[in-house]
Amino acid sequence: MDDGKANVISPAMLEELFAALDRAEGDGAVVVITGRAQTLSGGFDLRCPPEKAAEMIGGGARLAERLLSFPNPVVAACNGNAIAMAAFMLLSSDHRVGAAGPFRIGLNEVVIGLTLPWFGISIARHRLAGPYFDRCAVTGAMLGPEEAVTAGFLDRVVEPDALREAALESAEELKTLDRTAHRATKLRVRAQVLDGVRDGIERIGSTDREW
């Protein structure tokens, strides 16, 4: 992901991500998601016009649904900060490798005056360790990479210059999975969270910034 700035999840970025996932699905490829510079993504584009906000949030929810149910393995190479929707992308990926450093990962919605979306609550509850789920969702706590492993945002942390290689090694390992069994098991394991995300999508549409 690269918009030349903070790699925000804008309508344009969502369009490109969905197109890339379509291409990967058609190719039967393992997906590796990363960002530019020292930021995976700063989250949703807060400059989005209010009349387009619900559409953007809905697109983010559908992206999470797509990642959670993607038929091929998905690796996230978190090269730095991962804020809000970017953290939900981590929580929706199969394997997450993070770069060590003074980075921040978490759900800061309540800090900036937004109510955590229903789809996000389902994803966070599914993947985060119990105490961290409540803490991160309710207080907007931002975590360093090592603590993000403990919380459940990441699976492991490597030095920044080793991130690309580590992510590609993970992708190579995941290529050996039986895809039919992988997809079927993924859908069984994630049935409840996928139901929650789809319910959250149905709830989107209000104009009060409380999705």
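1. N7 is buried, at a relative accessible area of 0% (buried is under 20% relative accessible area, exposed over 50%, partly exposed in between, with a 1.4 Å probe and protein chains only). N7 sits in the segment before α1 (11-27); helices (H or I, at least four residues) and strands (E, at least two) are DSSP runs, numbered from the N terminus. The backbone of N7 deserves a look too: phi is positive, about 55°, although N7 is not a glycine. Most residues other than glycine have a negative phi.

2. A quick word on the source: this is a predicted model, where local features need pLDDT of at least 70, side-chain atom pairs count only at pLDDT 80 or more, and totals for chains, interfaces and linings use all residues. Residues are numbered from 1 along each chain as its sequence is written, and side-chain values use heavy atoms, with hydrogens and water left out.

3. A84 also has a positive phi, about 50°, without being a glycine. You'll find A84 in the loop between β4 (81-83) and α3, and its 8% relative accessibility makes it count as buried.

4. On to α3, which is mostly covered, with eight of its eight residues buried. Those are M85, A86, A87, F88, M89, L90, L91 and S92.

5. How do α2 and α3 pack? The axes of α2 (residues 50-69) and α3 (residues 85-92) come within 8 Å and cross at roughly 20° (axes are lines fitted to C-alpha atoms, for helices over the stretch in contact, and angles run from 0 to 180 degrees between N-to-C directions). So α2 is roughly parallel to α3, a label for angles under 35 degrees. From α2, G60, L63, A64, L67 and L68 meet M85, M89, L91 and S92 of α3, contact being heavy atoms within 4.5 Å. By type, the residues of this contact are seven nonpolar, two polar and no charged (Ala, Val, Leu, Ile, Met, Phe, Trp, Tyr, Cys and Pro count as nonpolar, Asp, Glu, Lys and Arg as charged, and the others, Gly among them, as polar).

6. The largest nonpolar core has 53 residues, and M85, M89, F119, I123 and F153 touch the most other members. Such a core is a set of buried Ala, Val, Leu, Ile, Met, Phe, Trp, Tyr and Cys residues joined through side-chain atoms within 4.5 Å. Another core, of twelve residues, lies apart from it and includes V30, V75, A77 and A166.

7. Finally, S170 lies in α7 (residues 163-174) and counts as buried at 5% relative accessibility. Leaving out residues up to four places away in sequence, S170 touches V75, H95, V97 and R156.

Methods: Parallel < 35°, antiparallel > 145°, perpendicular 65-115°, else oblique.
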